[in-house]
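Student: Could you take me through one part of this model up close, a place where two pieces pack together? I'd like the cut-offs spelled out as you go.

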Amino acid sequence: MTEPLLRVRDLKTYFVTEQGSGTARAVDGVSLDLFPGETLGLVGESGCGKTVTSLSILRLIPEPPGHIRPGSFIEFEGRNLLTLAPKELRAIRGNRIAMVFQEPMTSLNPVFTVGDQIAEAAIVHQGLSRNAARARAVEMLTLVGIPDPQERVDHYPHQMSGGMRQRVMIAMALVCHPKLLIADEPTTALDVTIQAQILELLDRLQRELGMAVMLITHDLGVVAGTADRVVVMYAGQVVEQAPTTTLFARPLHPYTEGLLASVPRLDTRVSQVRGRLHSIPGQVPAATAWPTGCRFHPRCPYAWDRCASEEPPLLDAPGGEAGAHTVRCWLLTEPQRRERRA
Amino acid sequence: MTAWLVRRLAAAIAIVLAVVTITFFLIHLAPGSPCGESERQLSPEVCRRLRAQFGYDRPLAVQYVKYLWALSHGDLGESFALHRPVADALADAIPNTLTLAGAALLIDFVLGLALGVYQAVRARRFGDVVLGNVGLLFNSMPTFWLGLILLLVFSYWRRWFPLGGMSDPVLCPTLSTLRCVADRAWHLTLPALTLGLVGAAGTARYQRAAMLEVMAQDYVRTARAKGLRERRVVLVHALRNALLPFITLFGLAFPFLLTGAVLVETVFAWSGMGRLSVTAIFQRDYPVVTASALVASGMVVLGNLLADVLYAVADPRIRVRSEVT
């Protein structure tokens, strides 16, 4: 098996809340691997810690109020990103690891031309001259499919549509040909037709540039079409991790099951599934007070007393190779409970 | 853009004309008269002849029309208190005010911007809290009071700076130009600091708030994610945006360059526009008062115009909109 490009171990990112009374454990012991060239989907509801996980990787968490707990470990290309000196960290940001953010409307600086903003990373990391960097910016705009790149390079963000701006964001992220692209909900703020275009673009660029992608989304449809592997997060933890096809065919964590059941499908009529679209009862608990035991147990249809008292570890799913499909659920030790319920 | 500029200039002239008109009638409405009848310093006969000589015995409407006619020919009239043309009095006072106000604004903006940016970067930490409180203290000080305290400490107790005036009246003419400039700078220090420090305290508070707002924007995070130095993130990506509200501040402060600071000019015996206009008001020196109002309103209008142009230069979103109209 190849070495992972990115190895996250026991990542804990906490925030001190406004009143100073509590600590929000936004990310609470996340471990995951990302292999060269693959696309990893990071899925979960709002507030489950997806974005904080991704920001922690590049240490972009605002401190204060946030901080990454000692004992957390993020290894990229053999180095622990959490202990790097600021200068070494800068050499990785935008160069080896790049990010695309959710809001293309606000993530671009309004007072600089898109060309300048794309060229900036190339000037900083590769020492390109202003002219060479500008030529590179035009090249990148062409690559992400923006028409009239020669002219567009001198435009300001407000002169472009949302989809165009997200293409600019992608061009900006990819200008140094990073090994890893972290895309945090890159299509959430866009129209559905534009969403598909952006996803296709990411897919094509990933193949052309041979990079790994961490795709953060709450949209399972996006994951199904693009990711090789999926990590499902709930309440600051990883609850299930599996290759995409396995996860969709055989979800083992009740939360994943619920997520998949709440996606409307064309092949089963709404009337056939007892007249209603499935929804997971209850809501995500507050990060200042996660439930004891399994964090999903108050919303889980299978929960029994053990779930409320003992926190399950990540267990290997039966029938697979170790680590390929892991689930944080006691049902794996007592599978008969699932059948009884069904 | 040209049409916009023409429209703005036409509006500017109308505003200045309105201010001149209002000032003209208001100062004539004020009790008292130029030759100080109330104090009985001059015999009524002399007073009557003086009034006739300056045309103050004519109906107000006639005086107004005559004033406007002269003004349209660039004639600001004659000051009877100073016994010289108003234009000459202004020509003497304006460079002095420009020097003092220019130096004060320089201290105000440079220090205010630097402190504001520093405080925003260190927000809620020790340095920010200390500077914030010291700033509030200075911001609440009356300028004349701070001027007096500075004079007491640095000119009276420690004889580091002169007690007032703009240059040494005896020495300066005999010294070389360079030494004379140094002497003027020495006289300028305390009054410029008085105005500059109080101004900087306000500017810093303003700039800190603007900077904090910008630092929380998504594009600042984008800049960090690119691997830029923190210095570049703050001074290029954030500051460039945080300077936009600062332009408004500049536009508001601009008239001060020619109107001057009445109280500080008085405390430091600085013969600028502030002192000139106040003295003129007390002496009912009508043409000087009206001319001061003319200069002040002209500067306000110009300051606003300048701020609008600067906005268009600094903010591409405004630039494009003004091209459309």
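Tutor: Helix 9 and helix 13 of chain B are roughly antiparallel to each other, a label for angles over 145 degrees. This is a predicted model, where local features need pLDDT of at least 70 and side-chain atom pairs count only at pLDDT 80 or more, while totals for chains, interfaces and linings use all residues. Residues are numbered from 1 along each chain as its sequence is written, chains are lettered from A and ligands numbered from 1 in written order, and side-chain values use heavy atoms, leaving out hydrogens and water.

Back to the pair: helix 9 (residues 230-253) and helix 13 (residues 286-314) of chain B pack at about 170°, axes 8 Å apart. Helices here are DSSP runs of H or I, at least four residues, and strands are E runs of at least two, numbered from the N terminus. Axes are lines fitted to C-alpha atoms over the stretch in contact, with angles from 0 to 180 degrees between N-to-C directions. Where they meet (heavy atoms within 4.5 Å), helix 9 of chain B brings residues including Leu244(B), Ile247(B) and Phe250(B), and helix 13 of chain B brings, among them, Leu306(B), Leu310(B) and Val313(B). By class, that contact has 10 nonpolar, 3 polar and 1 charged residues. Ala, Val, Leu, Ile, Met, Phe, Trp, Tyr, Cys and Pro count as nonpolar, Asp, Glu, Lys and Arg as charged, and the others, Gly among them, as polar.

Now for the packing between chains. Chain A puts 26 residues into the contact and chain B 22. About 2200 Å² is buried between chain A and chain B, with carbon and sulfur atoms giving 59%; that's accessible area (1.4 Å probe) lost on putting the parts together, summed over both. Arg90(A), Val111(A) and Glu120(A) supply 26% of what chain A buries against chain B, more than any other three residues.

Glu120(A) also pairs with Lys226(B) in a salt bridge, closest N and O atoms 2.6 Å apart; the rule wants a Lys or Arg side-chain nitrogen within 4 Å of an Asp or Glu carboxyl oxygen. It finds 2 salt bridges across this interface.

Terms used. Buried area is the accessible area (1.4 Å probe) that two parts lose on being put together, summed over both. Angles under 35 degrees count as roughly parallel, over 145 as roughly antiparallel, 65 to 115 as roughly perpendicular and the rest as oblique.
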